[in-house]
4 protein chains.
Amino acid sequence: MSKQKNNSTNAILLMHCPDQPGILAVVTDFINVNGGNILYLDQYVDRENHAFFMRVEWDLTNFIIPQNKIEDYFNTLYGQKYDMSFNLYFSDRKPRMAIFVSKMSHCLYDILARYTAGEWNVEIPVIISNHPDLESVAKRFDIDYHVFPINKDNKAEQEAKELELLEKYDIDFIVLARYMQVVSSDFIMHYPDKIINIHHSFLPAFMGAKPYHAAFERGVKLIGATSHYVTTDLDAGPIIEQDIVRISHKDSIADLVYKGQDLEKIVLSRAVEKHIDRKILTYRNKTVVFN
Amino acid sequence: MSKQKNNSTNAILLMHCPDQPGILAVVTDFINVNGGNILYLDQYVDRENHAFFMRVEWDLTNFIIPQNKIEDYFNTLYGQKYDMSFNLYFSDRKPRMAIFVSKMSHCLYDILARYTAGEWNVEIPVIISNHPDLESVAKRFDIDYHVFPINKDNKAEQEAKELELLEKYDIDFIVLARYMQVVSSDFIMHYPDKIINIHHSFLPAFMGAKPYHAAFERGVKLIGATSHYVTTDLDAGPIIEQDIVRISHKDSIADLVYKGQDLEKIVLSRAVEKHIDRKILTYRNKTVVFN
Amino acid sequence: MSKQKNNSTNAILLMHCPDQPGILAVVTDFINVNGGNILYLDQYVDRENHAFFMRVEWDLTNFIIPQNKIEDYFNTLYGQKYDMSFNLYFSDRKPRMAIFVSKMSHCLYDILARYTAGEWNVEIPVIISNHPDLESVAKRFDIDYHVFPINKDNKAEQEAKELELLEKYDIDFIVLARYMQVVSSDFIMHYPDKIINIHHSFLPAFMGAKPYHAAFERGVKLIGATSHYVTTDLDAGPIIEQDIVRISHKDSIADLVYKGQDLEKIVLSRAVEKHIDRKILTYRNKTVVFN
Amino acid sequence: MSKQKNNSTNAILLMHCPDQPGILAVVTDFINVNGGNILYLDQYVDRENHAFFMRVEWDLTNFIIPQNKIEDYFNTLYGQKYDMSFNLYFSDRKPRMAIFVSKMSHCLYDILARYTAGEWNVEIPVIISNHPDLESVAKRFDIDYHVFPINKDNKAEQEAKELELLEKYDIDFIVLARYMQVVSSDFIMHYPDKIINIHHSFLPAFMGAKPYHAAFERGVKLIGATSHYVTTDLDAGPIIEQDIVRISHKDSIADLVYKGQDLEKIVLSRAVEKHIDRKILTYRNKTVVFN
């Protein structure tokens with residue numbers, strides 16, 4: 001990680017492909033030869049699966065390929081040849097994020113405090129909820145708030161409206177900030193690896209509803225929180241970040257719920273930041289998270 | 001800790017005295033015999049210094065001594081006899097807290113998010129700063145914001161005005177939420193063990209200014225944050241809470257500053273909560289912090 | 001915890017009973033009035049289940065009830081009256097512990113290093129294994145080593161021999177230090193809440209065989225270890241201690257196994273120490289672990 | 001980290017040099033073109049100081065340059081040209097390590113348990129001490145043990161004998177496993193960045209003698225341990241690894257000493273392992289520690 005800011009535009013390439021000798025040199029040469037100044041480079045080789053993963057960020061100030069043609073050139077020259085899956089991002093295009101909430105405010109406040117302080121290179125134009133409770137929070141931060149109450153009968157219909165709204169706001173990715181409603185497979189399909197959830201347990205322990213109750217019942221000595229990409233398998237998507245806090249026999253269920261809140265907000269915000277910074281690759285239902 | 005709430009009034013006794021056999025029984029008998037229902041009891045004996053520490057919280061619903069006479073009775077019957085230092089608090093009187101800030105908002109937001117969500121049994125009527133920068137945050141949460149710019153020449157005068165204002169707001173204790181200004185001894189004398197600071201290092205390492213720069217220079221592998229009561233000795237007051245986060249050679253000073261923010265806000269809020277919950281005793285420049 | 005040693009004999013009472021006002025005073029009075037000097041006292045009230053838990057340790061130097069009659073007196077005077085479950089221990093009787101191992105030595109070494117350095121008030125007269133591999137380790141520390149190879153056909157017979165041997169060695173409790181063999185219900189019945197196991201995951205995640213493989217497959221970002229009392233429900237007994245270590249996408253299964261070893265040994269040794277120090281009460285398939 | 005073993009010989013290059021575009025490609029090309037199979041590659045650029053750091057490990061099976069000429073070739077072709085500081089190691093040459101101890105055995109046992117279990121690619125032919133106390137431990141593991149009692153008057157003389165002995169045993173690096181004796185500058189000069197110490201505090205807090213006493217006095221809520229390379233500045237050499245454990249007001253000095261032991265042994269062993277695996281570069285009194 002590095003938080004130093006500069007004013008020029010950077011390109012960020014996130015890629016993976018079958019591993020082969022020299023693949024790293026191919027990519028770095030492409031950047032160096034064409035006048036790019038590499039700022040950060042991280043790579044990882046999964047020896048078992050013979051897969052190569054890379055994140056490289058470079059300054060475009062003297063790069064001779066026009067910004068809007070880099071993707072095309074790179075794909076033509078190397079992408080197909082090396083069977084790469086890759087995404088190219090530019091620092092002058094802020095990703096646009098929607099937040100989904102229900103009634104609990106701790107994750108929402110943590111995100112908005114960072115956003116308002118300018119810590120994240122992101123736009124948050126809209127908050128969506130199945131309850132009206134947190135509208136006052138949205139108003140405090142001058143962000144649009146839309147309520148879509150959801151029940152068994154209207155779920156498909158309401159999600160369709162939500163998708164329409166997300167499109168209207170030109171949303172790139174979604175953060176479920178303690179959104180207490182299972183999202184449908186159809187909805188998820190519209191944002192593959194682009195919906196980040198926070199689950200209040202150290203997955204895969206205590207999947208599903210009421211994990212703190214289950215943790216209390218089991219008598220664990222640590223409680224956890226897990227941020228992950230949402231897939232059609234409930235609480236089983238690629239894990240981005242996890243952390244835990246120590247508890248004891250003295251803690252009631254209410255204590256676990258309360259102590260867990262600090263975990264949830266920090267673990268979720270760490271994951272969102274990694275996503276915004278284009279540092280996460282998904283592969284085989286796991287994540288590669290670069291520093 | 002326990003977050004279950006009840007509607008009746010509780011009394012909380014925080015005390016310490018020279019240790020002697022039976023002291024615990026004396027206090028619990030006083031409560032039991034007079035109809036009090038003990039909810040929480042924590043005690044600790046410092047064997048080396050022969051000192052006894054206790055926190056006991058009881059439900060006053062059936063307590064036969066009137067609330068406004070408990071302190072007098074207890075002092076007369078036991079306080080003097082056993083040479084106790086004690087404080088008695090009641091849950092129906094919320095402590096009143098002032099926040100001092102400068103330009104950084106992360107600790108302030110963390111506190112206000114908890115406050116607004118009703119997590120803490122506290123009133124926060126005023127925010128004081130030496131800079132106008134965070135007035136917009138205060139406005140978002142409808143809390144009065146007063147600016148007292150401070151320099152060498154006007155410090156005594158400005159602090160006098162601050163003290164006047166604190167009195168006007170009937171403030172019980174003060175939280176320095178990354179307030180980047182040393183508070184004078186005179187000011188501190190008005191709020192002994194009632195000013196909580198957050199220092200951005202694991203004290204006693206890196207006392208004073210620019211601890212992240214010093215940590216970077218030294219090449220540490222962990223950075224920390226420390227909340228403590230402010231005494232006239234800079235960064236040397238009784239420590240309430242500390243925590244750390246792992247860093248690496250990859251982290252720049254800017255990264256340390258950024259990573260440290262999550263630590264600072266959590267460590268400060270934990271300390272403030274313990275103070276609000278009347279769980280901290282100070283003794284010989286250290287704290288006894290009950291769970 | 002406190003590691004100061006004294007030469008006089010201490011009594012340790014571990015008890016729980018239905019909660020009622022004054023129960024704490026009853027027990028402390030019994031000790032004080034009869035000349036006992038209370039060294040440590042910890043108590044905990046489970047408000048939800050109205051259960052009172054207590055550990056009290058006192059110096060017997062001036063205690064007027066003879067050591068061998070304390071249990072009888074206490075039971076007659078209070079035990080039955082208050083419906084107590086209690087155990088009384090004396091510091092001059094070291095508990096006797098057997099270690100069960102298979103092929104991995106890290107937990108065994110950690111235990112024996114502490115034992116040899118005199119850190120624990122315990123006797124370890126025997127190590128039992130289903131494999132001959134670690135006999136050389138046992139020899140290094142001059143501890144008897146017995147091998148009982150176990151398969152489906154001979155299990156009942158071999159366990160009977162093990163029980164006989166344990167009786168011969170006058171064993172109080174058993175530590176399964178990465179013993180890779182499920183112990184039968186019949187065997188467990190002989191040592192209820194007296195067999196401590198280390199499981200190489202943060203239970204209840206990854207119960208059963210090959211938890212590191214399962215953790216790798218799931219892509220978790222933390223791995224854990226859990227020490228617990230063995231019950232007839234596999235990996236589902238009362239949890240004593242847990243801890244975790246951070247991993248990343250870079251770690252292979254072999255890395256997880258290796259990184260987990262440090263966790264396993266520390267988590268197991270912490271649990272064993274708490275057991276030796278008589279600081280654990282079990283209740284409703286959970287533990288109360290005093291500091 | 002990766003613990004998979006193979007039987008072929010690997011080369012490990014640890015290097016740093018002034019940063020310039022293409023430096024990574026130059027090194028990887030050298031390996032690829034000559035038939036080396038890169039197994040691990042880590043690089044880091046210190047943007048502020050324009051310095052490039054790299055660790056690359058490759059399989060020599062099909063490498064066309066003979067093992068004993070690689071260093072010469074690499075230096076001639078690139079080392080001088082790019083102003084590199086580099087070291088080249090081979091997996092078929094185990095580093096040889098000496099352990100220095102005094103009276104406490106916990107770090108020594110932890111190291112020897114790992115060594116005996118074959119976890120580390122190292123030879124430990126000798127243990128040196130200023131006290132006879134731990135000779136029995138050395139004997140248990142069949143390692144030579146030499147005692148050099150040291151006082152003000154004989155220090156230079158005794159250290160000279162130690163150096164002679166270290167030469168005789170062909171020692172590459174030294175681990176001070178709670179060796180309670182300051183090593184002279186002259187001695188250190190013989191093993192620059194090759195003496196690893198464990199200090200029982202989170203440096204730079206509590207440098208020098210009796211850090212647990214100082215930590216207790218200050219009332220900290222965390223205690224730490226720090227492994228570092230020894231330089232002529234006491235407790236001020238490049239930090240390799242640090243960790244902490246939580247304590248409370250209940251802990252006596254003896255408790256801190258005891259709780260700190262687990263920290264010390266784990267933190268020291270992690271540092272030693274990184275050193276053995278050739279994963280540490282030192283630079284400007286700091287370390288770059290690759291994963």
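Colleague: What makes chain A and chain C count as being in contact?
Modeller: Contact requires heavy atoms within 4.5 Å. In this predicted model, 32 residues of chain A meet 32 residues of chain C in that sense.

Colleague: How do you know how much area chain A and chain C bury?
Modeller: The size of an interface is often given as the accessible area lost when the parts come together. For chain A and chain C that comes to about 2,800 Å², with 54% of it on carbon and sulfur atoms. On the side of chain A, the residues that lose the most area to chain C are A:Arg218, A:Lys221 and A:His249, together 25% of what that side buries.

Colleague: Why is the pair A:Arg246 and C:Glu241 called a salt bridge?
Modeller: The rule asks for a side-chain nitrogen of Lys or Arg within 4 Å of a carboxyl oxygen of Asp or Glu. The closest N and O atoms of A:Arg246 and C:Glu241 are 3.1 Å apart, so the pair meets the rule. Between chain A and chain C the count is 4 salt bridges. There are also 21 residue pairs in polar contact between chain A and chain C.

Colleague: Which elements of chain A give two or more residues to the side that touches chain C?
Modeller: They are α7 (211-218), β11 (239-246) and β13 (286-289) of chain A. The largest share comes from β11(A), with 7 residues.

Colleague: What relates chain D to chain B?
Modeller: Two copies of a chain are related by a rotation about an axis and a shift along it. Here a rotation of 180° with 0.0 Å of shift along its axis superposes chain D on chain B, with an RMSD of 0.0 Å. That is the relation of a two-fold axis. Within chain D, the residue that comes closest to the rotation axis is D:Ala205, at 2.3 Å (C-alpha).

Colleague: How do you know whether chain D and chain B meet through the same surface?
Modeller: Of the interface residues of chain D, 100% are also interface residues in chain B, so the copies meet through the same surface. This contact takes 32 residues from chain D and 32 residues from chain B. The area buried between chain D and chain B is about 2,800 Å², of which carbon and sulfur atoms give 54%.

Colleague: What makes D:Arg246 and B:Glu241 a salt bridge?
Modeller: Their closest N and O atoms are 3.2 Å apart, and the cut-off is 4 Å. The pair therefore qualifies. Across the interface of chain D and chain B the rule finds 4 salt bridges. In chain D, β11(D) gives the most to the side that touches chain B, with 7 residues.

Colleague: Why are β7 and β11 of chain B called edge strands?
Modeller: The open sheet has 7 strands in the order β7-β6-β5-β8-β9-β10-β11 (chain B), with mixed pairing. Each of β7 (144-147) and β11 (239-246) of chain B pairs on one side only. Neighbouring strands of this sheet are turned by 20° against each other on average, direction ignored.

Colleague: How do you know that β5 and β6 of chain B are paired?
Modeller: Pairing needs at least two bridges. Strand β5 (residues 96-101) and strand β6 (residues 123-129) of chain B are joined by 5 bridges, so they pair; they run parallel. In β6(B), B:Glu123 is the bridge partner of B:Arg96.

Definitions and conventions: Residues numbered from 1 in each chain as written. Chains lettered and ligands numbered in written order. Predicted model: local features only at pLDDT ≥ 70, side-chain atom pairs only at ≥ 80, totals over all residues. Heavy atoms only, no water. Helix = DSSP H or I, 4+ residues; strand = E, 2+ residues; numbered from the N terminus. Axes fitted to C-alpha atoms, helices over the stretch in contact; angles between N-to-C directions. Least-squares fit on C-alpha atoms with pLDDT ≥ 70 in both. Buried area = accessible area lost by both parts, 1.4 Å probe. Polar contact = N/O pair within 3.5 Å; in protein donor to acceptor, adjacent residues only side chain to side chain.
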